[in-house]
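The following exercises are to be worked with the sequence and the coordinates at hand. Each task is followed by a solution in steps.

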Amino acid sequence: MRITTSRHVARAVAVALAATLPCVSLAGSAGAAPAPSRAATAGPRIHGGLVDIPVRGGTGTVDTATLRVTARTAGGTAELSAPAAGALGAPGRVTATADGARWDYPRAGLSVTARADHGRLLVSFKAGGTADTTLNWPVTGADRAASSLQLARGEGLSLPVADPFWNSPRAGLVDGETPVDSGLSLPLWGYGLGPGRGVGYLVPTDIGTTLRVTSEGGRLRTAAAHRFSRGEGTTEYTVALALTDGSPVAPAREYRAWLAEHGRLGSLRRKAEALPATRKLLGAFHAYTWGQARTADGVRALRALGVDRMWLGYDADDTPMDAKAVAAAKEAGYLVGPYDSFANGQDPKTSDAPTSVWPGTVYPDFCVRRADGKPEPGFHDRGCYLSSEAFEKAEAGGHYLADRTRAMTRNGADSYFLDVDAAGELFRDHSPAHPMTKDRDRANRLARMGRLVKHDRLVLGSESAGAWANGVLAFDHGSGTPVADGLWKAERDKEKWGGYTPAKAPGIFFKPAELPADVAKAMYDPAYRVPLYETALHDSLVNTERWELPYDKLPKQKTTRALLAMLYNTPLNFVLDGPSIKERGSELAALQRYFSPLHQAAGTEAMTDFRALTGDRAVQRTVFGNGVLTVTANFGTTAYQGLPGGCVDAKLKGDAKPRRLCPADVNR
């Protein structure tokens with residue numbers, strides 16, 4: 001199964017990624033953009049090389065000489081970007097447009113427009129020359145009022161800018177350059193600027209853009225960079241800057257609104273209307289199966305425990321789930337589907353994964369080619385990455401992907417997990433037979449994922465889905481995890497973490513492990529966690545943690561992870577074999593019984609509110625829909641208004657009193 005993927009992801013550190021964004025007040029609807037303020041209805045003004053653009057909440061000012069951006073608001077003046085790093089050269093003449101201004105930088109070969117867009121300041125660049133060039137902008141977090149940094153790492157983080165841990169090498173954050181298209185689950189970041197004030201940055205042109213976090217004077221700063229390249233198809237670059245209410249999830253609200261404005265916000269409710277089996281995801285936990293758990297008897301044993309909803313997955317190895325097991329899963333009300341990957345090709349004579357074997361000369365003819373003509377090495381340097389363009393060009397006559405899917409679902413499976421496709425590590429293919437830019441690669445992946453849903457009628461999931469794939473996917477495994485780089489180092493210690501044996505219960509999945517203290521803090525300290533992904537996409541697709549971090553893998557984090565899942569209204573992920581169903585099945589069943597009615601009621605609703613109720617962020621609350629579900633989680637050790645530490649209260653609309661879960665009471 002994911003044996004290939006975990007190695008690939010460890011090497012690529014792909015986590016999810018990109019499309020576009022919005023802004024609403026903290027308690028407002030996450031689905032709608034607020035109406036522009038009175039200031040936003042005034043026109044732009046040009047004076048002395050400065051361009052004033054009315055935005056929601058104030059006026060943005062761009063200094064064309066340096067690209068420094070400031071904003072005047074009722075609360076004072078804020079710096080949204082320091083001057084661009086590097087020499088732009090003198091700007092050309094600034095001319096007015098209907099909603100902003102345009103100018104150019106002849107020395108840098110860039111033309112620029114700045115304008116108002118749905119209450120945001122939209123700054124766009126276009127490269128006119130043939131040579132590649134890089135723009136280091138915006139440069140953010142320099143305002144002394146900046147108090148917190150929001151990053152779309154997995155589900156999301158909000159970090160106090162002066163926090164010693166995050167400013168130190170221990171956190172593994174500073175001085176790393178993250179590709180926005182593959183290293184972030186959403187193409188955004190943001191800052192809190194004190195009570196009631198903040199700024200969000202959204203990058204629709206995520207391909208070719210990176211984000212670097214630095215520590216300057218013990219404070220977290222960020223800077224984006226975009227590489228303009230004709231060959232890569234990245235000659236345009238746009239950043240939307242929005243004044244927000246300072247909520248740690250405000251940048252994600254901005255992104256959600258942007259998606260809706262551009263027709264790119266998916267709806268799980270509509271997906272279920274088009275493909276009714278999708279409804280089985282509501283209330284379901286997710287699990288990959290081994291050994292007896294892949295049999296009809298194993299499925300019936302799980303159902304006998306009272307588990308009424310599950311998504312069950314399995315590898316395409318020598319013992320996949322057979323037709324009897326699939327039929328038993330469907331009878332139980334479960335979704336069931338294989339793991340597959342269209343991304344790797346190996347020599348059939350030496351391949352170590354069934355999913356890497358393709359007919360004819362797909363390998364090596366379909367290999368992505370680097371600029372030097374050599375194939376792009378595949379997972380863990382095995383074989384090669386296969387070009388989505390090569391498949392698209394050949395599919396009408398060759399039916400390689402259609403035939404693969406048909407073979408994988410011959411047992412009656414009604415779901416499919418397509419690894420890597422939505423994770424965002426995109427490729428430029430230099431092969432003269434199937435040339436491709438990264439943007440074309442993304443379009444090809446969306447097209448073939450769409451066919452799996454519309455033509456093959458499969459409930460589709462993928463790995464660590466970037467936001468750009470939210471319209472085609474029903475679920476993803478991985479975007480719920482804010483992966484710290486130290487995780488990959490921990491996984492390489494097979495003695496402590498476990499390896500890929502025994503075949504029916506590989507240690508990498510089943511052996512309990514302990515995260516290094518710094519990694520555990522970076523990934524699971526609730527003081528730093530915020531639901532950016534759920535704020536943007538909760539009602540679009542079902543999001544879980546990474547597949548190689550099942551619930552039982554990290555015993556010390558079980559209570560925290562259960563509370564986060566209930567607070568965010570997202571499923572827990574498991575691995576199951578025969579013994580684990582017998583030994584810990586009752587724990588899974590108790591957690592799922594609590595989760596199921598909550599998710600069935602709110603899984604298709606937007607997350608409309610998130611807030612910390614205590615100064616130490618130990619107690620947090622979420623709201624879904626128009627009060628359909630309210631959840632309060634206490635991650636601390638002392639009671640809060642009657643809610644004990646380590647417990648969660650959930651109240652559905654119409655409930656007389658909250659439903660309580662204390663995970664430690666059911667953990668085994």
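The model is predicted: local features need pLDDT of at least 70, side-chain atom pairs count only at pLDDT 80 or more, and totals for chains, interfaces and linings use all residues. Residues are numbered from 1 along each chain as its sequence is written, and side-chain values use heavy atoms, with hydrogens and water left out.

**Exercise 1.** Determine how the axes of helices H4 and H5 are arranged, and identify the residues that make the contact.

*Solution.* Two packed helices are described by the angle between their axes and the distance between the axes. Helices here are DSSP runs of H or I with at least four residues, strands are runs of E with at least two, and both are numbered from the N terminus. Step one is to locate the pair: H4 spans residues 296–304 and H5 spans residues 323–331. Step two is the geometry, with axes fitted as lines to C-alpha atoms over the stretch in contact and angles running from 0 to 180 degrees between N-to-C directions. The two axes come within 8 Å and cross at roughly 15°. H4 is therefore roughly parallel to H5 (under 35 degrees; over 145 is roughly antiparallel, 65 to 115 roughly perpendicular, and the rest oblique). Step three is the handedness: H4 passes H5 in a right-handed crossing, meaning that the near helix is turned clockwise from the far one by less than a right angle. Step four is the contact (heavy atoms within 4.5 Å): Ala296, Val299 and Arg300 of H4 meet Lys324, Ala325, Ala328 and Ala329 of H5.

**Exercise 2.** Identify the buried residues of helix H13 and the elements against which they pack.

*Solution.* Buried means under 20% relative accessible area, exposed over 50%, and partly exposed in between, with a 1.4 Å probe and protein chains only. In H13, residues 517–524, the buried positions are Val519, Ala520, Ala522, Met523 and Tyr524. They cover an arc of only 165° around the axis, so they lie on the same side of H13; the arc is that of the directions from the helix axis to the C-beta atoms. Their packing partners are strand S12 (157–160), helix H10 (486–492) and helix H15 (558–568).

**Exercise 3.** Describe the surroundings of Asp340.

*Solution.* Asp340 belongs to strand S21, residues 335–340. Its relative accessible area is 0%, so Asp340 is buried. Leaving aside neighbours within four places in sequence, Asp340 is in contact with Thr355, Arg404, Met408, Tyr416, Phe417, Leu418 and Asp419. With Tyr416, the side chain of Asp340 forms a polar contact of 2.6 Å (a pair of N or O atoms within 3.5 Å, one able to donate a hydrogen and the other to accept it; residues adjacent in sequence count only if both atoms are side-chain atoms).

**Exercise 4.** Which residues other than glycine, Leu67 and Arg457, have what phi values, and is each buried or partly exposed?

*Solution.* Leu67 has a positive phi near 70°. Leu67 sits in the loop between strand S3 (58–63) and strand S4 (68–73), and is buried at a relative accessible area of 0%. Arg457 has a positive phi near 60°. The loop of Arg457 runs between helix H9 (438–454) and strand S25 (459–463), and Arg457 is partly exposed at 42% relative accessibility.
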